[in-house]
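The following exercises are to be worked through with the structure in view. Each task sentence is followed by a solution in steps.

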Amino acid sequence: MANAAKQMSQPKDYRLVIEKDVKIPMRDGAVLFGDIFRPDVVNGGGSERFPVIMTIGPYMKDKLWVPPPDLEEKPNPYMNWECVNPLWWCPRGYGLLRVDTRGSGKSPGKSDPSSYSEAVDAYDCIEWVARQPWCNGAVGACGISYHAAFQWRVAGLQPPSLKAIMPWEGRADQYRDQAYHGGIFAMGFIARWANNNTALHLLGQPRLYNPDSFDNNLLWNYMSKDLDSEYWRLNSARWDRIKVPLYSVGNWGGSSLHLRATPRATCARRPGTRSCVSTAARISMRSTPRRRASTSCAGSITG
C-alpha cells in the first residue's frame, strides 16, 4: 500500500491538454459548460486512457483563485476555488472535469443551488465524461465545501461510472447543516453566501455572457419551505444509497456547517443502525486549517 501511494505521488512525462467551455448535454436537453484538464502521452500517440476527478459548482470555473502565501501549493494559472489542482493531478495520470452548475458561470438555465436537480446534473456529467475516448471509464469526485456537498447527493443516485468520492468539509443534511442550525434559520451565512455569489455572477464581465446567472431567490426559497420537510430530505444525502468508497474529511472549525457530515458518513453504517453507507469509508478529523485539500488521496478512483 505504501509503495502504491509513493508511486502515485510521482509525476510522469505527460503534457497537459486543456479543453475550455466543453458542452455537456443533460437528459432534459439543457447544456452545461465545463473545462477539461487531462494528461496526454508525450510520445505514445495519445492512446493511454485515464481516470477522471469531477467537480461541479457555482463559483465560476474560469475565475482564477490565488492561494495565500502560506499554502504549500503555489499559484498557477489553472487554480480554482475549492477544486483540485491540475498541475498536481494531471502529471500523475488523472483527468479533471470542472463544471459550472446550471445557472452559474457560463452554464445557462435556472439556478437551484445545492438541490436534487443539481445532483441529477452531476450524474449526467459523470456518465458523459466516462464515455470520452481518453477516459478509462472510472470517475471520482474530490473537492471542498460546495464541491464536497454535491458528492453526498450524487453518490446516493449511484451513477455507474462513479468509483469513489472524497468530500472535504462538505455539508450533507441541507436542513440541519445549512439552513437551520438547532432549528434557527442560519440567516448570517445564507444571506452572505447568496449576496456575495449574486454579485460575483452579475457585476462586471460575467454579466456579458450569462446575464440571468444565479437568479434563484434563495432566501425566499429556503425560508418558505416547511421545517424539516420532504423538500430538505430530497436535497440531502441518502446514506443508505451510498455504496462507493469514500474518504471524508472534517474540521472542528466548521462545526455549524460542515462537520456533522463527516462522522455521520461512518456512524450511519455501524451495526444496529438501519442504514448502511459505503463499506469502504474513512474519516479524518482535523483541528487545523485545511492545507492539502487539492493533493490528498483519491487512489480508489483508478479502480
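**Exercise 1. Determine whether Cys-83 is buried or exposed, and whether a disulfide involves this residue.**

Step 1. Cys-83 has a relative accessible area of 11% and is therefore buried; buried means under 20% relative accessible area, exposed over 50%, and partly exposed in between, with a 1.4 Å probe and protein chains only.

Step 2. The structure holds zero disulfides, a disulfide being a pair of cysteine sulfur atoms within 2.5 Å. For Cys-83, the nearest cysteine sulfur belongs to Cys-142 and is 9.6 Å away.

Step 3. Another cysteine, Cys-135, counts as buried at 0% relative accessibility.

A note on the source: this is a predicted model, in which local features need pLDDT of at least 70 and side-chain atom pairs count only at pLDDT 80 or more, while totals for chains, interfaces and linings use all residues. Residues are numbered from 1 along each chain as its sequence is written, and side-chain values use heavy atoms, with hydrogens and water left out.

**Exercise 2. Describe the protein as a whole: its secondary structure, its buried share, its contacts and its accessible surface.**

Step 1. The secondary structure consists of ten helices and ten strands. These are DSSP runs numbered from the N terminus, helices being H or I with at least four residues and strands being E with at least two.

Step 2. The protein has 303 residues, of which 54% are buried.

Step 3. Contact means heavy atoms within 4.5 Å. Among contacts with a separation of 6 or more, 72% are between residues 24 or more positions apart.

Step 4. The protein exposes about 14,000 Å², and carbon and sulfur atoms supply 54% of this area; accessible areas come from the Shrake-Rupley method with a 1.4 Å probe, and for residues only the protein chains shown count as cover.

**Exercise 3. Identify which residues touch the most other members of the largest nonpolar core, and describe the place of Leu-97.**

Step 1. A nonpolar core is a set of buried Ala, Val, Leu, Ile, Met, Phe, Trp, Tyr and Cys residues joined through side-chain atoms within 4.5 Å. The largest one has 35 residues, and Met-54, Ile-56, Leu-97, Cys-125, Trp-152 and Ile-165 touch the most other members.

Step 2. Helix H3 (residues 116–130) contributes the largest share of this core, six residues. A second, separate core has 14 residues, among them Tyr-59, Tyr-175, Ile-190 and Ala-194.

Step 3. Leu-97 is in strand S4 (residues 95–100) and counts as buried at 1% relative accessibility.

Step 4. Beyond residues up to four places away in sequence, the contacts of Leu-97 include Ile-24, Ile-36, Val-52, Cys-125 and Trp-128. The C-alpha atoms of Leu-97 and Met-54 are 4.7 Å apart, although 43 residues separate the two along the chain.

Step 5. As background, in soluble globular proteins nonpolar side chains tend to be buried together.
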